[in-house]
Amino acid sequence: MKKSQKGFLQMFGGKGRFRHGIHPEEHKELTEHKAIRRIPFYKEMVLPLSQHRGAPAKPIVVKGQDVVRGEPIAEAGGFVSAPLHAPVTGTVVAVDRLVPMPDGKKGPAIIIRTWPSSTQEILYSKTVDTDAMSDDELVQAVQNAGVVGLGGAAFPTHVKMKAPKGKNITTLIGNGCECEPFLTCDHRIMLEYAENMIKGIRLVMQTSGATKAIIGVEDNKMDAVHRIREAIATASGDNSDITCEAVATCYPQGAEKMLIKSLLDLEVPSGGIPADIGCAVFNVGTLAQIGELVPEGRGLVERIVTVSGPGVSNPGNYLVPVGTPLPYLLKHAGAIEDPGMVILGGPMMGAAVATTDIACTKGITGVLVFGQEELPSPEEQEEMPCINCRACVEACPMFLNPSMLGRLSQNDRYEEMASRFNLWDCFECGCCANVCPSNIPLTQLIRVAKGGHMQRNKD
Amino acid sequence: MDASLTITSATVFMAALGGLLAVLLVLANKRLYVYEDPRIEEVENLLPSANCGACGQPGCKAFAEGLVEGKFSPSQCTANSADMNGLIASTLGVGLGAQEKKLARLACAGGNHVAWQRARYKGLDGCRAADIVAGGGKGCSWGCLGMADCSHACTFDAISMDDNGLPVVDEEKCTGCGDCVTACPRGLFSIHPENHKLWVACKNLEHGEAAEADCDVACNACTRCAADAPAGVIAMTNNLATIDYSKNDKLTRQVTDRCPTGAIVWLDKGKVHKGEAARKVLRKDALPVAR
């Protein structure tokens, strides 16, 4: 950023912040000081084959086979796909049982019965020398480790590790914003696994060709900023090509386009990807896992999940083996018996689930439990007509017009939304619906329009 | 004196200008004239102007052009009444043509009295909206959500919702235009000729008890219909009976006889006939939300 732009104009944007956005109540105090704790292994693990974006994994084990913890049990079903590893030592009891998925559909899953007497050590690993590996070998190693975006998107990480053809990645961005209320898993990762994270950043810098790395952290987590800066200083001295910067606490700071704007004052073109302007954004948890797993040749078998919300008596950040059934995790965290609403992910972008009878997958950042009495009453939620107050327009970080999009969606005018009002630039952060004084479910209307538009284009 | 001169000159000038432009227009009309068969407009006026797309054309105008060119036969317009189509045929001096009536068919019979709800969905009304939020509240993740997206989408008012929250297609009004096919987020509607009488009213991919736990009338993949049908007509794919309609004429109503849940049905003249072995559904009220 040029010097002349600093000062007064910084009020409207510039370094460290982006324009628009909202400030929801954080509720992070419930769990932010709670150290990560492992939960016990459940007796039966459920591993859906489609835990990530892209093609589902293909099972490579058969019913009745014994597996050790960390052993691959399913291979990637294509380039945009990730393999699965056994989260426990045990016996495979099914490879294609249909189980409910977080998105409400049912999908095939591998079921493993845990051996009760096993020590559950990770025996399946092979230490490798990452310095001697070529870029392609490293990318392959990350795919073999089954690492996907742990910030919630679950997009296979190795796909982003190399610049697409004709594009150059110069800056690697570590995303430690965690702007969603309640969630603190990334905060704890930055505090407890900062060294692994730096290792992961080095590996990703190597494959992507990035010459510098910036870790962006919201300024409500200054302890994490200091901790990371210490770790950087220990690992590579004071003048490192890795830096850690605090950015304004504002939702949705953790969206990659917002974070790039805040850190570099650059804008990703409409319909483009960060690589178009030389950036690649990775969640800090993902980077920590890369740094931990790849040098040891292991696979992703557990992740950190924040269990929080008013309906939980023992909220915390739990190290959960992938495939642990949600009811077991909730019981462990002391959740109430008859919750009014259970949300996977944060309250802004996460989705309520129709049943808790699902398994923890790689993409689950948090589980929030609310009692019946905490839910807003139907009167509070009653939808009223739009009063043209432009609150949604001022909240939208993508500078869209949510009010107009909502109205068009109600009238099924999806094509117009896409061609004239940039429907596909919306990443569904939920700011518009959050600020709407008339309780118009704008985000939901936009999501309906996206689904409808896609369906019409298909026909 | 001055005033009258001004008025006269202005009038003359404007008249001359008008005349000149009129001549230009006449010339342009002659030079740029495009001949359009007058029958196209005549036929278009006899079509229903619904622009529904059931004929496979983008609208009635395109269909009218095709009719005059002889590419289509009048009966391919399923939205029109038979009398009007006959009028078109006599206007154009062509045969009416034979067109099988096509209907929208719903591959679900799980009304709220037979299919379990696992959660209460609160929020934006509509199937697609509910489907995005963890698949709505329905226990069966393939089944009809019952929020009438198809009914709203239907141009011909042919779909109504019954007491159990299932859409019912009025076979008289349905033109087979396919709007409901696009509207349904779960892809439960498809367009079939009227003579496809055997129908699997289920999309549940679970097997056995797991399927019946979702819904009393689910296909539990018992394979009895496949065994009773002529060889190779009914196949079980992903725990669901699928009918090969290219061998439709071999199918009889007997195929449905041993179906224990009544998922495979025989549709005839707007009536749904279940097999003899199908359990009778006596429940009338909606099932409670299971937790």
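Residues are numbered from 1 along each chain as its sequence is written, and chains are lettered from A, ligands numbered from 1, in the order in which they are written. Because the model is predicted, local features need pLDDT of at least 70 and side-chain atom pairs count only at pLDDT 80 or more, while totals for chains, interfaces and linings use all residues.

**Exercise 1. Describe the overall form of chain B.**

Step 1. Take the secondary structure. Chain B has nine helices and nine strands. Helices (H or I, at least four residues) and strands (E, at least two) are DSSP runs, numbered from the N terminus.

Step 2. Take the box. Along the principal axes, the C-alpha atoms of chain B fill roughly 105 × 50 × 30 Å.

Step 3. Take the radius of gyration. Chain B has 28 Å, but a compact globule of 291 residues would have a value near 19 Å. The radius is taken over C-alpha atoms, and the globule rule is 2.2 Å times the number of residues to the power 0.38.

Step 4. Check burial. Of the 291 residues of chain B, 40% count as buried. A residue is buried if 20 or more other C-beta atoms lie within 10 Å of its own, exposed if 12 or fewer, and partly exposed in between; C-beta atoms are placed from the backbone.

**Exercise 2. Find the domains of each chain and how they meet.**

Step 1. Read the bounds, which come from an automatic or database domain assignment. Chain A is divided into domain 1 (134-296) and domain 2 (381-458). Chain B is divided into domain 1 (38-92) and domain 2 (102-273).

Step 2. Compare the centres, taken over C-alpha atoms. In chain A, 30 Å separate domain 1 and domain 2. In chain B, the centres of domain 1 and domain 2 lie 32 Å apart.

Step 3. Count the contacts. Two residues are in contact if their C-beta atoms, placed from the backbone, lie within 7 Å. In chain A, six residues of domain 1 are in contact with seven residues of domain 2. The side of domain 1 of chain A that touches domain 2 of chain A has four nonpolar, two polar and no charged residues. Ala, Val, Leu, Ile, Met, Phe, Trp, Tyr, Cys and Pro count as nonpolar, Asp, Glu, Lys and Arg as charged, and the others, Gly among them, as polar.

Step 4. Turn to chain B. Here six residues of domain 1 of chain B meet seven residues of domain 2 of chain B.

**Exercise 3. Work out which parts of chain A touch chain B.**

Step 1. Count both sides. The contact takes 21 residues from chain A and 19 residues from chain B.

Step 2. Name the elements. Strand 16 (351-352) and helix 13 (442-458) of chain A each give two or more residues to the side that touches chain B. Helix 13 of chain A gives the most, with eight residues.

Step 3. Sort by class. That side of chain A has eight nonpolar, six polar and seven charged residues.

**Exercise 4. Trace the nonpolar cores.**

Step 1. Define the term. A nonpolar core is a set of buried Ala, Val, Leu, Ile, Met, Phe, Trp, Tyr and Cys residues joined through C-beta atoms within 7 Å.

Step 2. Find the largest core. Of its 193 residues, A:Ile110, A:Leu329, A:Val367, B:Val200, B:Ala201 and B:Cys202 touch the most other members. Helix 3 (residues 194-208) of chain A gives the most to this core, with seven residues.
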